[in-house]
Structures are given as C-alpha cells and as structure tokens.
Amino acid sequence: MTGEGSVGKPIPPEDTVRKVTGTALYTYDWDLPGTLHAKLVTSTVPHARVVSINLDRAKAVPGVVAVLTGKDMPFRVGMYAGDRDLLAVEKVRWAGHPVALVVAEGPEAAERASELVDVEYESLPAVFDPVRAMGADAPIIHERMEEYKHASVFYPVPGTNMANRFRLVHGDVEKGFEQSDEIIEDEFRISHVSHGYLETQNVVAQAFRDGTFEIWTSAQSPFIVRQIVSEALKVPYNRVTIRVPFVGGGFGGKAGLQWEALVALASKAVGYRPVKLVLSRKENFASSASREGVVANVKAGFTRDGKCVAYKVRFVLDAGAYADYTVNVSRAMGYSAEGVYEVPNVHCESLAVYTNKIPTTAMRGFGYAESNWVLEQVFERAAKKLGMDSAKIRRVNLLRPGESHTATGEKVREDVGDPRKVLQTVLEAIDWEGKAEPASQPWKVRARGFALCVKGPSQPPNASSSAIVKFNEDSTIDLVLGTGNFGQGTTTAISQIVADQFGVPVERVRVDPTRDTGKSAYTWQTVGSRGLFTDGVAAMRACDDAKDQILDLASQVMRLPKSELEVADDAVKAKGRPWLTIPLRDLVFGYVYPNGNTVGGPVIGRGHFTSSLNTFLDPQTGQGVPTIFHTFGGTAVDIELDLVTGAIEVLKAVQVFDVGKAINPLLLKMQLDGGFIMGMSIALFEKIKFDEQGWVTNPNFTSYYIARMKDVPKDFEARYVETPQFDGPMGARGIGEMSMISVASAISNAVFRTVGVKLNNLPMNPEEVWRAISEQKPELLAKAMESFGRIEAAVKARQ
Amino acid sequence: MSFGSPYVTLPDFTYHRPKSLDEVLALLKEHGDEAKLMGGGVGLIAFMKERLMSPTHVIDVKEVAELGQVRQVPGEGLRIGAAVSIAELLEGGDLKTEQAVLREALARVADPMIRRRATLVGNLCEAIPWVDSPPALMALDASVEVAGPEGRRSLLVSDFIRGPVDIDLGPNEMVTEVVVPESKGRRSAFEKFTGGSEFSLASVAVSVSNGGKKRAAKLVYGAVNSTPVRCPEAERLIEDGLSPTKVRRAAETASEKVECLDDVLATASYRKHLIKVITTQVLWRMM
Amino acid sequence: MREITVRVNGRLSRRTIKDNELLLDFLRDRLEVRSVKAACWRGECGLCTVKLDSHLVKSCLVLAVEADGKEVKTVEGISPEGELSPIQKAFVSHGAAQCGFCTPAWVLATHELLQEKPHPTQADLVEATSGLVCRCGTYNQIREAVAEVSGTTARPRHMKESLARA
C-alpha cells in the first residue's frame, strides 16, 4: 500500500460535531408516540419480608395505567450469578430495592402515584459489613443460592453469603515467607464508588402483539442485554431488538442488565404502549449498582535484594444485595493480584460477599484497580524497608517478556509489551533522578511517586466479535460494528484501520452511531478495553474478505491472476505495473463493460474474532489464560500535600502505556488524560456513604464530589511505548480502562515515599489523610501547624 | 436536609407573581401555610423535588420593586431586599470593606449560575447548616426585617435561625430585608474549607469592631454544628488587637470550645482541627 | 395552566403550561430542545445550563413560567445555521468531548465566557465552569480548546509537547 494512510494520525472522533451542536441524541432524548412514564417504588428497609403491597391509593391517581410488583415477574435473571430479581420477590435485600413500578401518563402522575404505594414489611436481621457477613451467625441474604444459574466459572457457597470464591495458588507461599528477609503485612480498604455516568440509567421499551420487543436503552452491550432479556421473557433472541443511540457514559455501570426487561414487561402490561423509565440521580445511587467496596488483607515477603518471593492476599468484596457481575470482578481482582511482577509463591483468595447494601457491578478497572491499590503500595513499603529505590525494587520483580509467567501461569510472550521500557519512560517523564521542586509553603510537602499496572479484558474464552464492511454505490464504506462508542473513540480508530486497508481517506468510512441488535455486527460486549482489539481484528478480516471479492472480480476483468493484483490507493493495481489499474468505485458495485454487460455486485466483507488462546481457570489454583492481551503501563504524579488540612493537589500527571500501536494519538491522549482525572477523582474524593441501615446518605453531586475543572492538574504528560502485538489490529492493544488503574497507587506512593505516612483507605480525602498523618506522624503535623501559624508564612501566603 | 431528589417533577401549585409588597402580604394572608415564597427558587425548587416542601401556592417575589433594592441608609446600615440575587449584590459594589466577611462568603457560594438566581434572603432562610451566609451575617450583627399581618418586626439573624432548617418565621410572615448595621472601622473576613465537597466542612466569619473605646470581636463558625456557633472565649482573646500569639491562642481555644457534629461530610474531630486551621488563616488576614 | 411566550434561539414560541413545570422540561418536552440535558435535577451538574436573557442559569431550578416574555439561548443558538462557532470547532479539533452528554452545556458556558472575556485566565475558566461537571474527564481538552480560541496557544497540544512516543 502506498500513500500516507490515516493510522497514526490525531483524527478527531467523527461524532464530535453532533455532540458540540447538541444534536447527538441519547436514550434520555428518546420518546415514541404515546409513551407512558414509569417510576420505581423502592424499599425503605434493608432486609425484610414483603408482607403485602397495597396499590389502591396509587391506582386512584389520575393518569395511572398500571402498577407492577414482583408478583408479576417471579423469576431471577442475570448474566454471571443469575441472582437478580426485576422487582423484589418475597423479600427486599437493601434499602432502595425496587418493590413496584408505577406506569402513568406522564412523569408527574407516575411520581405522584409512586408516593402512594403502601408496602408492609416484616423486618429481618440485616448485615452491612462484608467480613461480618461471612460469619456463621450472619443472616443469609440469598437463601436459595443453589438454585441460581451461575456461569460455570464461578464458585458460590450456598448456605453462606459468599457469591463467589476465587482461589489462585502457585508455588508454596509459606515456604516463600520462610525465605523472606522482610515481611509487609497490612489491611487495605476501598470505599464504594459511583460510576457517575451523567446520563442516568434509562430505557424506553415497547412490546408488540406479534411477540416482539423493541427496546431503546443507555447500555454498553446491546447483545448481552438482548440475551438476558430474551432469557427472562422466554422469547427467541431475534424477537427482541435492543437499540442503543448515543450513550451518556457507562464506565462499566451499563454493561449488564439494567431495567430493560422490567420496562419491556411493563409495556406488555399496559397494553403494548411504549414505556419510558428514567432514573433520578438519587435512584441511580440508591437503587442501581455501583462499584463494590473491598477489604483486603495482605502479607508479602521480600528477600534482602528486593525480590518478592511470597504474596498472600485475601480480597473480601462488599458485593451488596446482588452480585451478578461482581462475581466476575472478584475473579479478576484475584487473578490480577500479582500485577506486573513475577512472584514465585502466591496464595490469593477473592470473595464476593452479599450484604444488605446497594448491588454492585463492573466498573472501569474491573478488580485490577482494586488489586493494584494493594500491590503497588506493598512494593513501595518494601522498598522503604529495604532501603531500596522504588524503581529498583520494581526492576527486580518485573515480568520479563519471553521468560516470565503471570500469576495465572501464562507465559508472557515477547510481543505483549515492554514493562521495563514503560518503567523507564515513567521515570524519565517525572524526572525521577532530578531534585524535587520545593513546596509552595512550609507546611506543604512536594512529593513524587509512581505505580505500574497491567490489565487485559476479562471475558469468557468464547467471547467473540464481528464486523461487516459494506461498499456503497459511490464507493463509500459503511463499517458495521457492534462495539459501542460512548467517548472512547473506538469506532474512529477502527475506521482509520479500515480506510488504510483500501488506501482511501478516513472520511470515506462511516460507522452509524446507533447500535441495533438486528442490524449491527455481533460483539459480545463493549467492556474491558476490548473493542479496538477484538472488533478491530474482526474489521481487518472483513476488509480482507472484501478485498478478496474485489480481487476476484478484478482478476476476471483485468485477465490477470489474483496473485499479481493488490488493493491500494483506492484502486486495484497490478503489482509492478502501476499503469494497469481499476479504481475501486468501478469494482465494488460490479464491473460494467462498455456494452452494458455487468459482472460482480455489491461487495460486502465480513470478519470475526474469537480468541483461540483463552482458557477457563483451574478451580483450585486459578491457573490458565484469562485474557486476550495485557496492556502494561504506569502513572507518575507530582503532588503537593497540605499537611495541615490533609488535602492533596496533583500538579503533574504522567501516564505511560505500551499501546502496541498508537492508531490515533488524539484519542489516546483523551483516554490517558480522562482516565487520569477519573482515577484521581476516585483516589481523592469519591465515597458512597451509608448509614446504619445501609441507606446511601450522599446520593448527589454535592456530597458525592466528582473532580471539577479546579481539581485538574496543570500539567499532563502522556507518553506511549509501541511494542506491536502480533495478533492485535496493526499491533494495537486496548487502553480505556488501563488509564485509571494506577492513579490512586501513584498518589499514595508519593505520600508514603516522602513523608512515610501510610494511606490504606480509599478515598484519600483530606480527612482520611489528616487522620493518617495525625495518627502516624503527630510530630509532622505539629511542626506543620507551627509553621502554618507563623506570621512570616502568612505574609508569604498572601503574595 | 438536602440529600438528593428521588423525584424530578414538582408538586402541583399555583404560581403568583405579585408586583407589590402589599400584594405579597395579602397572598400570604390568604394562603398562609399552603404558600411558599420564592426568590431565586434554588432552595425551594430542590426542596419541592424532594417533597420536603409541597406548597400549593408559590409566590415569586422577584418583581416586587421594594424587595429588589440594596439601600445604604445613613444611621442604619445596608438594607438588602429579599429579591436581590447574590450576584446582583456582589456586582452592585455595596459590600465595602466593613462588610468584607459577607462579600467573601457570598463570592464563594456554589457557582456563578447559582449565585445569579439565589438570593441572600433565600440562602439565609434555608438555614441549612452548611450554608455560608448565616455565619457571615451573624459576624456583622445583621438582622432581618419581617413583615406579616401583625405588622413588622426586626430580629437578629442569630435569633432568626432557631435550628437546622428551622427559622423564626410565621406562616403568614416574610423576610423583606436583611439589615447590616453600620459600624465604622469594623474589619471582617471569611474563610472556609470545602475539601472533597461542594459544601463547607467548616467555615468561620470574623469581625473586629473598633468604634471609639468600645472594641468587640465576633467569631462565628458555620457548618460545624446544626446552626452557626459563636466562640466567646476566643473572641475575648482577640478583642484588643491581634498578634501571632493571640492568633494561635484564639485558634486553639475555638478548636477546643466550639462544639462540632459528625455528619455526612466530616467527623466532629476533623472539624475541630479545621476550626484551628481556618481560624488561623482568617485571623492572619485580619492582621 | 397558563400561556407563556418565550423566545428560544431567536424563535418565538407560545405554549400553555402548568405552573409547576420546570424550564428544563418546557424546553425539552414542549419545544424539543434536546441539547439541554439533566443529570442531577438539583443544580449540581450544570447539564441543563441555558442563557436566560443575559445570564446563564440552571434550567432544572427555574420555573417555565419565569421565562415568560424572556429570551432563552441554548447551544443550538450560538452559531449561524450550518456553521460551527470558534469554540465548537476547537472542541472538535482538541477532542474535548467523550460521551458528549455534558458537551452542549460546556460549549455554551465556554462560548459565553469567551464572549464576555475574549482572553480568559485559568482562574476565569475555573470560576465560569465551577457549576459544571464532566465525568469522562475532558477538562484538559476543554482547557486547550478555550486556550486556542482565546489565542493563548496556536495548535492542539496533543500534536507536540504533551503526547510523545517514548
């Protein structure tokens, strides 16, 4: 292929014009003629038997068409754990659990009536702490767990609150401890986090009398939604159409089932009229799923020369009332325990535990962010204990491509990335060897720190993707994909790849923004940073298929063997004889001879991707190949810590990732900066708080604070390493989730390395940091307060 | 207390847009308990969405000319009408050095869009513990003018706020103005800490008066308890001027004496520490 | 119920509304101005930002009846038909939108800021957008877009300094 090509260029995403002009339409903007509006009625108690539900007062509200309860849908649904009900059946499991759905003419009547549903509860003992919930005396939240349809790779323990028990063992960890010179042991905690996608969960659904359902939803993965809805409604998959227009953020929180099946049933119940349900922000916090909380206990052994020889960790996930997706998070948290390091002796247990709190689900980082929070801090502490530089201890333990094995026993191939180069680049970008800048005030501390990470997509071995390349009459290309686009820019990147396959400008390729299970190409899900890789490879294969058809035709027309022809520069050319050429537009809709005879027809290429390398993991040892690629990376920060208030300000953010191939540096930069900001926000501010009844007490953006413009670092530096992956699309790997994994650890490491204060709990909000300083280094705080109170300093502060 | 909206629509009500104070009072007399006054609507609309308030009549006072003024009345002070938005008040330039504490507090209320709508009186009447204007007004000995069927009355802001979301105002009454008394030579300042929240975790309003021989200092803490709290012990320490030692002692005393509460934003012990920090900060600036 | 007349993006509209209707819902549901979004419904996120006469407000905290006789501007009204305003162009070239749900509000807010102050400082930008949130974290790109329009930087930073091959 000649010409410059578009891969590697910073091309803005094709749909941004719609976004900046306000013409991108989301499910929230969708109304069908005659749409009714639905409102949830939610539980006021954390754990109780539903004795009765009286609908009389609600039904008397003018405009109310129907009120549904769990009796109308007495079945369980789900993807991995199969533990969910659509509305509470028999009992409620958290304060906020939906017990009824009111459907009315307009949102106002629906809300009015929802206030008038009378539910009588008989309270049951509740449990809110995941460690307590594992105790023998804890109330059981799911009594009939053995009846649930778990995917085969999960290990629930019926009769307990354990929804999944993942184990990973290699080597002999106790023997490893015997060989150790230093032991690091500690407990880490991670708070519940809200995805905070700005478009709240919402659905428009209509049932039809012919037995079909059409559903518009703000979802990441239309095909999984279709699967779950079809199974729940007991209809063939092709009778359910899931349509996804623009999506106002997902971050994992819209990956599984949301309200699609419920609203579809509601549409049927009201005589096949369309029904729309839009969650308020409070409902989104209190009645839908967020990222789980974690309690992690770790013990790690290091030899004098810095080698980690034993790593033992137990993750207890506070999975809340439903763990349909969280069982897989617990699995990923477990097998990612060892991160970018090779540790000979590992023992890891990762438990998803039910509590009477909000349900939990996947979130950007998917267990890896949580295990990273523990692992990277352990390494930082070991470095300090051993008197070793933070970089050196990592070099000693880093996975060596071509030689090492991951925690799950997978051989690390040479083409999967270069962790050593990533580390080196991180250090250079933050000027690791250089002198630290002075702090702006005597009571503040300037600190630099970093953390490394690795992640791959957590998907079942048979997860697949497909793509269709359709030529149009004017030789433009409709690229039909299944992967969603809610800001990652994946479809732009794949368009660039496709354009280059034919040597055409990228503008010639378009991906429709709406996904439709009846029309889009199949892809398992849009999660785990898999889209560019899996759907990109599928698209390249679709291009190959189309090229093959084009060359077949060209061979016939040009009377040359196929082997002597190639597709390049928007044409078919004879190799070595560039004057023998036919433009693509004369071939892709059939070739017309001068007398009108026509051969060939519209060219439609198709391709798919399914990894043949993934395996299930051994139930006892967790050994196997869980992911299709690993993206190595790291984050470094330069921060200023205010010792007096505990507030941390990030001044500079460095992100380095081995992306294989930077298909589009602008999209890459957007992900690396955006991922940093989300990671920083979770690191410094975000915490869903609960009262003693498990109620979310901060279901709003005032007290659940998300980073704003004022919190953003002045300096961003993003660098990328390119170690091409042989089976990736043009060598590329995914990046979306990875970009936030090591942010919190980097910040915490900066603090520990500089002032020796351990920050074990997320978020590191000012109060948490202040408490840690005052407990661990009271003399440091006293000294800071002393200088803070001095006049000279005050004068300086004013300048 | 404002914890989030389960609902996105408002309860049914009839909207009134009177043009004069008499009309407002007549409407209040007619609808009393059933009515709520609306200035910027920021608090009212949020409260109505949460069903913390479900008035059947909403009386919008924005077009009442008498309430839309900021007046400098010699011998009395600054009179700020109930319909004056925070942005208008700040832009009007009436808050001079003497009222710096109020200006500083208001300049940092929420964001410019909220300040454009929200009124000082509305902010005050919400009486949410984390709101910043009440401590600032208390530091200035401000009072509110209340009009009702029984005529008019005036009371200090410190008496007006009875508890969290609880004010001394009858169902037929309304606050027409906030009055900030004149005080020559008074200096004042405001400080708050909001780390990881849009609301203050702790705030402090300070004023030091130097009217002839009579010196007086006020230190009022917001957001640390259910209502703003003064600290007389610390005030006494700074009455006669400030010095590095006095600043430190005042900060320590306030931290020790001011009672703090745990809530969704912070614990009492952190608030006690923050009191020390913000008192130090604010008093520096007064030196 | 009452009739109100509002000029929205230059077009006069007369509609019968309920007294308790919010300006947000009036714009979206009655006039189908769907660029105006909501994410919190209580004035925290700023996605419902519109210009009411001469000032930006959060339309989830404004009654529709209050807009009677007034002028409302949304992102649809900031550029001539078929064209992009300078800030819209800069948002596109800098990649200042990811999911895009908050983008109309950010475009409107930064457009108004630049109208008022053609060369805003960082502090001006922070202050003017303090009522807005973006969960995808496009702040750095928005900052670059504003800087470009105000003439502080000549070209997208991602092209050179801040993203580099290792």
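Helix 3 (residues 103-116) of chain C lies across strand 3, strand 4 and strand 5 of chain C, at about 40° to strand 3. Here, lying across rests on contact, meaning heavy atoms within 4.5 Å, and angles run from 0 to 180 degrees between N-to-C directions of axes fitted to C-alpha atoms, for helices over the stretch in contact. Helices (H or I, at least four residues) and strands (E, at least two) are DSSP runs, numbered from the N terminus. This is a predicted model, where local features need pLDDT of at least 70 and side-chain atom pairs count only at pLDDT 80 or more, while totals for chains, interfaces and linings use all residues. Residues are numbered from 1 along each chain, chains are lettered from A, and side-chain values use heavy atoms, without hydrogens and water.

**The sheet of chain C**
- Five strands form an open sheet in the order 2-1-5-3-4, with mixed pairing (two strands pair if DSSP finds at least two bridges between them).
- Strand 2 (11-17) and strand 4 (55-58) stand at the edges with a single partner strand each, so one side of each lacks a neighbour in the sheet.
- Strand 3 (residues 49-52) and strand 5 (residues 71-73) run antiparallel, joined by two bridges.
- C:Leu52 stands opposite C:Val72 in strand 5.
- Helix 1 (residues 23-30) lies across strands 1, 2, 3 and 5 of chain C, at about 110° to strand 2.

**Where chains A and B meet**
- The axes of helix 17 (residues 766-776) of chain A and helix 11 (residues 268-286) of chain B come within 11 Å and cross at roughly 85°.
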